[in-house]
Amino acid sequence: MERRTLGATGLDVGAVGLGCMPMSWAYSASQQRGDRSLRAVHAALDAGVTLLDTADMYGPFTNELLLGRVLKERRAEAFVSTKCGLLVGDGHIVANGRPSYVRRACDASLRRLQTDVIDLYQLHRADPEVPVEETWGAMAELVTAGKVRALGLCAVGVRGSRRSSYDLYDGTIRQLERVQQVFPVSAVQAELSVWSPEALARLLPWCAARGVGFLAAMPLGNGFLTGTLTPGGGFEPEDMRARHPRFTAEMMAANQPLVAGLRRVAARHGGPAGGVTPGQVALAWVLSRGRHVVPVPGTKHARWAAENARSAELSLTAQDLAEIASLPPARGSWD
């Protein structure tokens with residue numbers, strides 16, 4: 001697989017990563033089986049994927065434990081990215097950015113992951129009760145201690161009727177500028193896909209101008225852009241899409257032109273007969289956004305992990321990119 005570099009420190013990863021969250025968190029609970037998820041991780045590594053993205057809150061904790069079973073055998077093949085800063089309680093999630101907690105959280109993640117170093121340690125959310133510089137300083141100490149190789153920040157977009165794509169990530173950029181004064185940011189993780197392109201306005205250029213890598217979260221639009229979801233099919237109660245305004249039957253039907261456009265592009269590259277799917281086109285579009293961009297599609301199935309990895313082999317033409325750019329924007333409101 002093609003390799004890409006994250007950050008000025010030269011972190012080398014496969015062009016496509018693996019998001020491990022669906023294996024333990026936020027998606028169909030009935031499908032979250034450990035044996036199936038282990039096969040998905042192994043399939044991704046076999047296909048040249050190196051970046052495995054997890055977090056201590058996924059499960060909580062069970063996602064890191066699962067990855068630890070793979071890393072015990074294949075640590076040399078993997079680039080391990082995990083996160084701290086969020087605590088899962090009974091029906092609620094709270095931020096914790098206290099330095100003492102960050103240090104404890106890192107040690108716990110290392111034990112669960114069965115490794116002696118985390119390649120990329122990301123701040124999941126800043127704690128409003130703790131200056132972000134203090135949290136980041138504690139994370140930087142972990143680099144000095146040799147427990148972590150590089151630091152990243154997860155971006156938060158504030159959606160609203162009066163906020164344009166241009167200023168959606170204002171708060172995140174302010175945080176980035178503050179923590180950069182303490183210790184270099186190697187990567188930023190934020191949503192980026194054909195149906196959620198808002199990061200292109202300011203956040204992605206901010207990263208490119210500073211040599212910061214960009215991890216594209218939800219590059220398949222929570223599965224919608226694969227074309228495998230049926231409008232009105234419903235979701236399990238724990239599945240975050242059951243409460244997502246773009247996954248109502250009405251909005252899924254209204255946004256079908258996006259999938260149809262991706263299918264047309266896939267057909268020009270051989271379509272299913274040639275192994276090209278709408279999801280692969282969606283990932284190739286993300287890859288085309290810059291050499292510092294690494295999509296991190298999530299899955300718990302070996303088949304999809306291998307298919308996603310092959311998207312790195314797909315080169316979109318100028319005609320393809322123009323057609324995707326002309327597709328109608330996704331409908332659905334977070335207001």
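Pro60 is found in the loop between β4 and α2, where helices (H or I, at least four residues) and strands (E, at least two) are DSSP runs numbered from the N terminus. The peptide bond that leads from Gly59 to Pro60 is cis, with omega near -5°. The structure is a predicted model, in which local features need pLDDT of at least 70 and side-chain atom pairs count only at pLDDT 80 or more, while totals for chains, interfaces and linings use all residues. Residues are numbered from 1 along each chain as its sequence is written, and side-chain values use heavy atoms, with hydrogens and water left out.

The loop between β4 and α2 also holds Phe61. The phi angle of Phe61 is near 75°, a positive value in a residue other than glycine. With a relative accessibility of 40%, Phe61 counts as partly exposed; buried means under 20% relative accessible area, exposed over 50%, and partly exposed in between (1.4 Å probe, protein chains only). A positive phi, near 50°, is likewise found at Met218, a residue other than glycine. Met218 lies in the loop between β11 (213-217) and α7 (249-254), and its relative accessibility of 31% places Met218 in the partly exposed class.

The protein as a whole contains 11 helices and 12 strands. Its radius of gyration is 19 Å, close to the 20 Å that the globule rule gives for 335 residues, so the protein is as compact as a globular protein of that length. Here the radius of gyration is taken over C-alpha atoms, and the globule rule is 2.2 Å times the number of residues to the power 0.38. Taken along the principal axes, the C-alpha atoms fill a box of roughly 50 × 45 × 40 Å. Of the 335 residues, 53% are buried. Among contacts with a separation of 6 or more, 76% are accounted for by residues 24 or more positions apart, a contact being heavy atoms within 4.5 Å. The protein exposes about 13,900 Å², of which carbon and sulfur atoms supply 52%; accessible areas come from the Shrake-Rupley method with a 1.4 Å probe, and for residues only the protein chains shown count as cover.

A series of parallel pairings links several of the strands. Strand β4 (residues 51-53) pairs with β5 in the parallel sense over three bridges, two strands being paired if DSSP finds at least two bridges between them. Within this pairing, Asp53 stands opposite Ser81 in β5. From β4 the chain crosses through helix α2 (residues 62-74) to β5, in a β-α-β crossover that is right-handed. That term applies if, with the strands pointing away from the viewer, the path from the first strand over the helix to the second runs clockwise.

Strand β5 (residues 79-84) is mostly covered, with six of its six residues buried. In a regular strand the side chains alternate between the two faces of the sheet. In β5 both faces are covered: Phe79, Ser81 and Lys83 are buried on one side, and Val80, Thr82 and Cys84 on the other. Four bridges join β5 to strand β8 (residues 118-123), and the two run parallel. The bridge partner of Thr82 in β8 is Tyr121.

Tyr121 also stands opposite Leu151 in β9, and β8 and β9 run parallel, joined by five bridges. A right-handed β-α-β unit is made by β8, helix α4 (residues 132-144) and β9. Six of the seven residues of strand β9 (residues 148-154) are buried, so this strand is largely enclosed by the rest of the structure. Three bridges pair β9 in the parallel sense with strand β10 (residues 187-191), and Gly152 stands opposite Ala187 in β10.

Two helical sites were also examined. Tyr101 is placed in helix α3 (residues 99-113) and, at 11% relative accessibility, counts as buried. Leaving aside neighbours within four places in sequence, Tyr101 is in contact with Asp56, Gly85, Leu86, Leu87 and Asn96. The C-alpha atoms of Tyr101 and Cys84, 17 residues apart along the chain, are separated by 9.1 Å.

In helix α11 (residues 318-325), the buried residues are Asp320, Glu323 and Ile324. Seen down the axis of α11, these residues fall within an arc of 100°, so they line one face of the helix; the arc is that of the directions from the helix axis to the C-beta atoms. The buried residues of α11 pack against α8 (256-268) and α9 (278-287), whereas the face turned away from the buried side carries the exposed residues Ala318 and Ala325.
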